[in-house]
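Hello,

Here is the structure you are taking over. Please look through it first; my notes follow below.

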Amino acid sequence: MTFEPINDPVLPGTAGKVFHGSLGAFLFWLLAGLGVSLGEAASEPKAWEPMSRIESAAKQEGKLVVYSAPGHATREAQEAIGQLFEKKYGINIEWVASRGSEMAPRISTEQRLQQPVADIAMSGIAGVYVQLKPRGYLAPILAPSTMEKGAWRLDPAAAMPKERDWLYIFMSLTPGFFVNTRLVPPGDEPKSYQDLLLPKWKGKIVLQSPPLGGTGSGWFRATYKKLGLDYMRALVKQAALVANTNDVPDAVARGQYDVGISASVARGRELVQQGAPARYRHPKEGSHLAAQGIMLVANPSHPNAAKLFLQWFFTKEGQSVYAPKQNGISVRKDIPQDYLPPDERYTDGDPFLMGGTEDFGVERNEELSALMRQIFQEGK
């Protein structure tokens, strides 16, 4: 099967309406993340059959195919999940690694030819969801939070409270600051983003250039509404810009800069473990939350195995094996974070920053990209 660029038609009435709600959706999303309940934001999709019947049919299917983008399921997480799920239900999980840029065309080709392979897709919002959603290639999910209320640090359906066809799989919190502890004495670290505009930090800050994608882009999308565009224009005059995500923690660890913003957590953790004089710090405005989630593909080959997995995955048992192997913060409050370094843990009730769902639509994505170029390239 040859996978071609997506050129099939968008469903009528969906163009330019991939996301809904603007400020209202953003407030729901933010308050849900802070543990504030707004009640049921929308009616549930059509109810699934009783789970006992789904489980019986899933065992007959015997297989599940999951497409996973980088960063969504480590090899250790895949092995642990697969072993436990097969032991519990007798269903084998086939994991298929696929970058976000490849996943949407691949699934679209399968759907167009009516030869579905993928049952479930793990990916972010911007690259896959906005391409598959308007073409009708995703199915709604029975939100776990409606079946087990009060268990959630972050409601898995908070990002898409109406559609419920993209669920958070874990909280990937990127601490706002990566600080060189030799250059910055204890107590002198910046406490907030506003501190970085003080004259003493000019030329001592490094940031991955947001127009180039990666953590820099994710950081901008999560913070620009809270901090304001005037803040961004002022910050760019204080900071040096680098091209790659790993360049930020590397430069801080070498002592080239005092503070890094949007540093790769994985690379920063590796450097600290190697003895680098550096640590993470959460600004008082909150660290930013990366959008990483899971989708149910329309007309899957193994529909009952997919539904069974989606329900089991968000149980305490499923999250207990997934979150530690993923080195992520579980969306469930009852999963301990002792597998994470202390400065990477989330304290329930602390604020965090997220992009609004409308910012990931195709048209809005282009507008934000232009805005980032204007501020961080032309404004330098």
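Gln326 belongs to helix 12, which covers residues 316–326. Please keep in mind that this is a predicted model. Gln326 has a relative accessible area of 8%. The cut-off for buried is under 20%, so Gln326 counts as buried. What is Gln326 in contact with, leaving aside its neighbours within four places in sequence? Its partners are Gly71, His72, Ala73, Thr74, Ala77 and Phe170.

**A buried glutamate in a loop**

Glu163 sits in the loop that runs between helix 6 (144–147) and strand 5 (167–168). Glu163 is likewise buried, at a relative accessible area of 14%. Along the chain, Glu163 and Pro140 are 23 residues apart, while 6.5 Å separates their C-alpha atoms.

**The sheet 6-12-14**

An open sheet is formed by 3 strands in the order 6-12-14, with mixed pairing. Strand 6 (172–174) and strand 14 (352–353) are at the edges; each has a single partner strand, so one side of each has no neighbour in the sheet. The pairing of strand 12 (residues 287–290) with strand 14 is parallel and runs over 2 bridges. Ser287 has Phe352 in strand 14 as its bridge partner. Helix 7 (residues 214–227) packs on the sheet and touches strand 12 and strand 14. The direction of helix 7 makes about 120 degrees with that of strand 12.

**Helix 2 against helix 11**

The last item is a pair of helices. Helix 2 (residues 51–61) and helix 11 (residues 303–313) have axes that come within 7 Å and cross at roughly 125 degrees. How do the two helices stand to each other, parallel or oblique? An angle of 65 to 115 degrees would count as roughly perpendicular and one over 145 as roughly antiparallel; helix 2 and helix 11 are therefore oblique to each other. The crossing of helix 2 past helix 11 is left-handed. On the helix 2 side, the contact is made by Met51, Ile54, Glu55, Ala57, Ala58 and Glu61. Helix 11 contributes Pro303, Asn304, Ala305, Lys307, Leu308 and Gln311. Sorted by class, the residues in this contact are 7 nonpolar, 2 polar and 3 charged.

Regards

Conventions:
Residues numbered from 1 in each chain as written. Predicted model: local features only at pLDDT ≥ 70, side-chain atom pairs only at ≥ 80, totals over all residues. Heavy atoms only, no water. Pairing = 2+ DSSP bridges. Helix = DSSP H or I, 4+ residues; strand = E, 2+ residues; numbered from the N terminus. Contact = heavy atoms within 4.5 Å. Axes fitted to C-alpha atoms, helices over the stretch in contact; angles between N-to-C directions. Buried < 20%, exposed > 50% of the residue type's maximum accessible area, 1.4 Å probe, protein only. Parallel < 35°, antiparallel > 145°, perpendicular 65-115°, else oblique. Left-handed = near helix turned anticlockwise from the far one by under 90°. Nonpolar A, V, L, I, M, F, W, Y, C, P; charged D, E, K, R; others polar.
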